[in-house]
Amino acid sequence: MAKTNKDLQYYLGLRYKIELIPEKDGSWGAVIPELAGCVGGGETIAEALEMLEDAKIGWLTSSLAHGDPIPEPAAEYATA
């Protein structure tokens, strides 16, 4: 596998698809499907998104540190 110079800031600048999931208790879950296991949750949508952003930073940081592959977002989500 070829080495890449893509760093955390590069990946944080990409726009990944986010799915919001209403829970039965009224809280919210949030996931980034392309980053397996990257999830967040909270009592409100805003809280779920905030927790998801923290999870995304941790997910990306760990993947970069371990040299794990990081998928980039599908083309329809990658542009602003």
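## Salt bridges in the model

How many salt bridges does the structure hold? There are three salt bridges, a salt bridge being a side-chain nitrogen of Lys or Arg within 4 Å of a carboxyl oxygen of Asp or Glu.

This is a predicted model, in which local features need pLDDT of at least 70 and side-chain atom pairs count only at pLDDT 80 or more, while totals for chains, interfaces and linings use all residues. Residues are numbered from 1 along each chain as its sequence is written, and side-chain values use heavy atoms, with hydrogens and water left out.

E72 and K6 form a salt bridge through their side chains, with an N to O distance of 2.6 Å. The two residues are 66 residues apart and connect distant parts of the chain, E72 lying in the loop between α2 (45-66) and α3 (75-78) and K6 in the segment before α1 (8-12); helices here are DSSP runs (H or I, at least four residues), numbered from the N terminus.

E72 has a relative accessible area of 33% and is partly exposed, a class between buried (under 20%) and exposed (over 50%), computed with a 1.4 Å probe on protein chains only. K6 is partly exposed as well, at 32%.

In the salt bridge of K17 with E19, the closest N and O atoms are 3.2 Å apart. K17 is partly exposed at 30% relative accessibility, and E19 is partly exposed at 32%.

E53 and K56 also form a salt bridge, their closest N and O atoms lying 3.6 Å apart. Because these residues are three residues apart in helix α2, about one helical turn separates E53 from K56. E53 is partly exposed at 36%, whereas K56 is buried at 8%.
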